Amino acid sequence: MTDSEVVSGRRIILAGGVRDHLPDIPGLAERWGVSVLHCPYCHGYELDEAPAGVLGASSLAFHQAMLVRDWGPVTLFDQGSLELTAEERDALRSRGVTLVESPIVELVGRDKALEAVTVEDGRRIEISGLYVAPRTEIVGSIANELGCDFEDGPTGRFIATDPQQATTIPGVFAAGDAAAAMSNATLSAAAGVRAGSAAHASLIFK
């Protein structure tokens, strides 16, 4: 198929996914998906209760730190953008989360493993995993060109769909991370099943 080739169809399922935009910190990008993680439900078990950190680069950081504490010791690193309320600080203390207000300047460790982070004031803090909420961007422009509606999620825009994965444009369905507020492989696969079966049913039961 070439860029100039025209393909016709009665239904379209958009499943192009999203592109992750990571904070620009030395040593972070090369560890993405191995020791720099986005979701404790996907990767928490592998850390085996080892010390972990949460990068405070977005409004999700407080929420992440409160959850991740159930997987082991947690340090929340304020990168200068957190505006924690007194109640949130109390909640972190009650959960046993350590708050470090000096930003991370480098991740260190052999290969893709994470052993520690260096913070701006010169300290080296040992952790085995770092949770990061990346900014996400839908891959491609087809949904926009078709006129689909979007919703704002915690990490970026996603394609709006109904419970059967139908978009606001008749005949167009969407599934996967591009059509969800939360990125997760199993949820994306399930959405693909819903989109496929709903698209098929819509061809039969008009």
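Colleague: Which residues in H2 meet which ones in H3?

Modeller: This is a predicted model, where local features need pLDDT of at least 70, side-chain atom pairs count only at pLDDT 80 or more, and totals for chains, interfaces and linings use all residues. Residues are numbered from 1 along each chain as its sequence is written, and side-chain values use heavy atoms, with hydrogens and water left out. From H2, Phe62, Ala65, Met66 and Leu67 meet Glu88, Ala91, Leu92 and Arg95 of H3, where contact means heavy atoms within 4.5 Å. By class, six of the residues in this contact are nonpolar, none is polar and two are charged.

Colleague: And at what angle do the axes of H2 and H3 cross?

Modeller: At roughly 20 degrees, with the axes coming within 10 Å; H2 and H3 are therefore roughly parallel to each other, a term for angles under 35 degrees.

Colleague: Switching topic, how much space lies in the largest pocket?

Modeller: About 540 Å³. A pocket here is an open set of points on a 1 Å grid over the protein atoms alone, where a 1.4 Å probe fits, with protein on both sides within 12 Å along at least five of seven lines, and lining residues have an atom within 4 Å of a point.

Colleague: What lines the largest pocket?

Modeller: It has 29 lining residues, and His38, Leu60, Thr155, Met182 and Ser183 lie nearest its centre. H2 gives the largest share, four residues, and the lining divides into 17 nonpolar, nine polar and three charged.

Colleague: Which residues line the largest cavity?

Modeller: The lining is Leu47, Ala50, Ala52, Val68, Trp71, Gly72, Pro73, Val74 and Tyr131, around about 30 Å³ of space; in a cavity, the probe fits but cannot get out. Eight of these lining residues are nonpolar, one is polar and none is charged.

Definitions and conventions. Grid points are joined across faces, edges and corners, and a volume is the space filled by probe spheres set on the points. Helices (H or I, at least four residues) and strands (E, at least two) are DSSP runs, numbered from the N terminus. Ala, Val, Leu, Ile, Met, Phe, Trp, Tyr, Cys and Pro count as nonpolar, Asp, Glu, Lys and Arg as charged, and the others, Gly among them, as polar. Axes are lines fitted to C-alpha atoms, for helices over the stretch in contact, and angles run from 0 to 180 degrees between N-to-C directions. Angles under 35 degrees count as roughly parallel, over 145 as roughly antiparallel, 65 to 115 as roughly perpendicular and the rest as oblique.
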